[in-house]
Amino acid sequence: MDRDAHGERPVGSPAAGVVHRLTERQETLATVESLTGGLLAASIVEIAGASGVFR
C-alpha cells in the first residue's frame, strides 16, 4: 500500500487504512450491523486483502 510523503500513513480510504493496520498487527475485525444494513462491512470488504483480517 502506498504511504504518505513522510512514509507514515497509508494513502487511500479510511477502510484501506484499517485493513492495512490490521494486517501489520496480525489482528482481525468483525462487525455486527443492523441499522447500517451492512454498510460498514461493505466498505471493509471492498479493500484488497480484507479477507485476511475480516471475520
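This is a predicted model: local features need pLDDT of at least 70, side-chain atom pairs count only at pLDDT 80 or more; totals for chains, interfaces and linings use all residues.
Just after helix α1, Gln26 takes a positive phi of about 55°, and that is where I would like to begin. Gln26 has this positive phi although it is not a glycine, and its place is in the loop between α1 and α2. With a relative accessible area of 75%, Gln26 is exposed, where exposed means over 50% relative accessible area, buried means under 20%, and partly exposed is in between, with a 1.4 Å probe and protein chains only.

Residues are numbered from 1 along each chain as its sequence is written, and side-chain values use heavy atoms, with hydrogens and water left out.

Now to the overall picture. Of its 55 residues, 22% count as buried. The accessible surface comes to about 4,100 Å², and 54% of that belongs to carbon and sulfur atoms; such areas come from the Shrake-Rupley method with a 1.4 Å probe, and for residues only the protein chains shown count as cover.

Let me turn to α1 itself, which has twelve residues and reaches 17 Å from its first C-alpha to its last, close to the 16 Å expected at 1.5 Å a residue, the expected span being 1.5 Å times one less than the number of residues. Its buried residues are Ala15, Ala16, Gly17, Val19, His20 and Leu22, and these pack against α2.

Which residues make up the largest nonpolar core? There are ten of them, namely Ala15, Ala16, Val19, Leu22, Ala41, Ile44, Ile47, Ala50, Val53 and Phe54, and by a nonpolar core I mean a set of buried Ala, Val, Leu, Ile, Met, Phe, Trp, Tyr and Cys residues joined through side-chain atoms within 4.5 Å. Both α1 (14–25) and α2 (39–45) supply at least two residues of this core, and α1 gives the most, with four.

Leaving aside neighbours within four places in sequence, Leu22 is in contact, meaning heavy atoms within 4.5 Å, with Glu27, Thr28, Leu29 and Val53. Phe54, in the segment after α2, is buried at a relative accessible area of 17%. Not counting residues up to four places away in sequence, Phe54 touches Leu29, Thr31, Ala41, Ile44 and Val45; the C-alpha atoms of Phe54 and Ile44, ten residues apart along the chain, are separated by 7.8 Å.

Finally, how many salt bridges does a search of the whole structure find? It finds two, a salt bridge being a side-chain nitrogen of Lys or Arg within 4 Å of a carboxyl oxygen of Asp or Glu. One joins Arg21 to Glu24, with the closest N and O atoms 3.2 Å apart, and both residues lie in helix α1, three residues apart, about one turn of the helix. Arg21 is partly exposed at 43%, and Glu24 is partly exposed at 41%. Glu27 forms a salt bridge with Arg25, the closest N and O atoms being 3.8 Å apart; here Glu27 is partly exposed at 36% relative accessibility, whereas Arg25 counts as exposed at 57%.
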